[in-house]
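Walk me through this protein from the inside out.

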Amino acid sequence: MSAKTPKQAPAATDKKVRRKKSKETFNLYIYKVLKQCHPELGMSKKAMSVMNGFVHDAFERIATEAANIVKYNKKATLDARAIQCACKLVLPGELAQHA
């Protein structure tokens, strides 16, 4: 039988470097669309935060509705048609017609 050797505690200099967790945002894409529509305008951090929340919320609503459509049709794959139908159901009025 072999004797187990105790593990040594890591030295003070062997600290792991913690990386900041990257947060997924739509900021870059919102900014690009803004520049296409109004090249002379900018956007504050607060306004960008509001727009980012709006896009996240819309994405979540459309994805949830599309998942319900797929379940209702007893399918296993979320396809473009389900996304398009979900957009027509979730988006209001004129926006739904162009979805």
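Seven residues form the largest nonpolar core: Ile62, Ala66, Ile69, Val70, Ala82, Ala86 and Cys87. Two elements, H2 and helix H3 (80-90), each give two or more residues to this core. The biggest share comes from H2, with four residues.

Take isoleucine 69, one of the core residues. Beyond its neighbours within four places in sequence, isoleucine 69 is in contact with Ala82, Cys85, Ala86 and Leu89.

Now step back to the overall layout. The protein has four helices and zero strands. Read from the N terminus, the order of elements is α-α-α-α. Among the contacts with a separation of 6 or more, 31% join residues 24 or more positions apart. Buried residues make up 12% of the 99 residues.

Helix H2 deserves a longer look. H2 spans residues 45-72. Which of them is buried, and which is exposed? Asparagine 52 has a relative accessible area of 10%, so it counts as buried, the limit being under 20%. Phenylalanine 54 has a relative accessible area of 54%, so it counts as exposed, the limit being over 50%.

What does asparagine 52 touch, not counting residues up to four places away in sequence? The partners are Thr25, Phe26, Asn27 and Ile30.

Together with Met43 and Met51, Phe54 makes a nonpolar surface patch of about 270 Å². For the protein as a whole, the accessible surface comes to about 9,600 Å². Carbon and sulfur atoms account for 58% of that surface.

Last, confidence. The average pLDDT of the protein is 88, and 86% of the residues score at least 70. Where pLDDT is low, the predicted coordinates should not be read in detail. Which helix has the highest confidence, and which the lowest? H2 is highest, at a mean of 96. Helix H4 (residues 93-97) is lowest, at a mean of 87. H2 is also the element that gives the most residues to the core described above.

Technical notes
Residues are numbered from 1 along each chain as its sequence is written. This is a predicted model: local features need pLDDT of at least 70, side-chain atom pairs count only at pLDDT 80 or more; totals for chains, interfaces and linings use all residues. Side-chain values use heavy atoms; hydrogens and water are left out. Buried means under 20% relative accessible area, exposed over 50%, partly exposed in between (1.4 Å probe, protein chains only). Contact means heavy atoms within 4.5 Å. pLDDT is the predictor's confidence in each residue, from 0 to 100. A nonpolar core is a set of buried Ala, Val, Leu, Ile, Met, Phe, Trp, Tyr and Cys residues joined through side-chain atoms within 4.5 Å. Patches are made of residues with over 30% relative accessible area and no salt bridge: like charges are joined within 9 Å, nonpolar side chains (Val, Leu, Ile, Met, Phe, Trp, Tyr) within 5 Å. Accessible areas come from the Shrake-Rupley method with a 1.4 Å probe; for residues, only the protein chains shown count as cover. A salt bridge is a side-chain nitrogen of Lys or Arg within 4 Å of a carboxyl oxygen of Asp or Glu.
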